[in-house]
Amino acid sequence: MNALSTTSLGRQQGFNLLELLVTITIAAVVLGIGVPNFRAFLAGNRMAASANDLVTSIHVARTEAVKRRGTVTICGSSTWDSANPDCDLGGGAGWIVFFDANGNVGVDAGDAVVLTHAPLPDGVSFGIDPGATNYMQYGGNGFPQTAAVGLPFSNIQLCDDRGDASTGTDVDGAEIAAGRWIAVGVTGRPQVYRTRAEVQGNPVGGC
């Protein structure tokens, strides 16, 4: 009669102390490398999305001005999410785009709000040309124009807590900045600049 050996049945193997320490060490190294890279990835995406949102809004303002053959204004707004949003030239965190029939940089009866936007994500700040007022305005020809409330901005500087950091190089070998510079040319078309030399040397002053 064959007896079933039980010498190996029910035996469980686990980590010994050395194996556990090695596993923890490897996990710590992986996390130490991965977490900072993931944070940098998120910061880069946040900055790119902020720049894209602003550029899109500027394009909308210019396109609407040409389509409506009248003045369209984009301005900072603290009341962007209210039923009756208006401009806040003192530096509203959100912004609005609206058909500005009399060009006074204010939403009056008969003016149509075309777009509203929430403030930029936490950690992303923006600046405009020194001495400029927190608005931009387009005439029916699609070119920028100036209202009576002050000089409009034509440059936007976006920065975050990375400051004047390099995030890599482009195909030409130029360092890519953590921040972004958006410039609106004389024809009214916005352009985004992202090299450190461009971002740090723009009229707003860099990050």
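Modeller: We shall begin with the whole chain and then turn to single residues. This is a predicted model, in which local features need pLDDT of at least 70 and side-chain atom pairs count only at pLDDT 80 or more, while totals for chains, interfaces and linings use all residues. Residues are numbered from 1 along each chain as its sequence is written, and side-chain values use heavy atoms, with hydrogens and water left out.

Colleague: How many helices and strands does the protein chain have?

Modeller: Helices (H or I, at least four residues) and strands (E, at least two) are DSSP runs, numbered from the N terminus. Here the protein chain has two helices and 10 strands, in the sequence order α-β-β-β-β-β-β-β-β-β-β-α. Helix H1 covers residues 17-68 and includes Phe-38.

Colleague: Where is Pro-152 placed, and is Pro-152 buried or exposed?

Modeller: Buried means under 20% relative accessible area, exposed over 50%, and partly exposed in between (1.4 Å probe, protein chains only). Pro-152 counts as buried because its relative accessible area is 19%. Its place is the loop between strand S6 (144-145) and strand S7 (155-159). Of the 207 residues in the protein chain, 34% are buried.

Colleague: Which residues is Pro-152 in contact with, leaving aside neighbours within four places in sequence?

Modeller: Contact means heavy atoms within 4.5 Å. With those neighbours set aside, Pro-152 is in contact with Ala-132, Thr-133, Tyr-135, Met-136, Gln-145 and Thr-146. As for Asp-129, 23 residues from Pro-152 along the chain, the two C-alpha atoms are separated by 8.6 Å.
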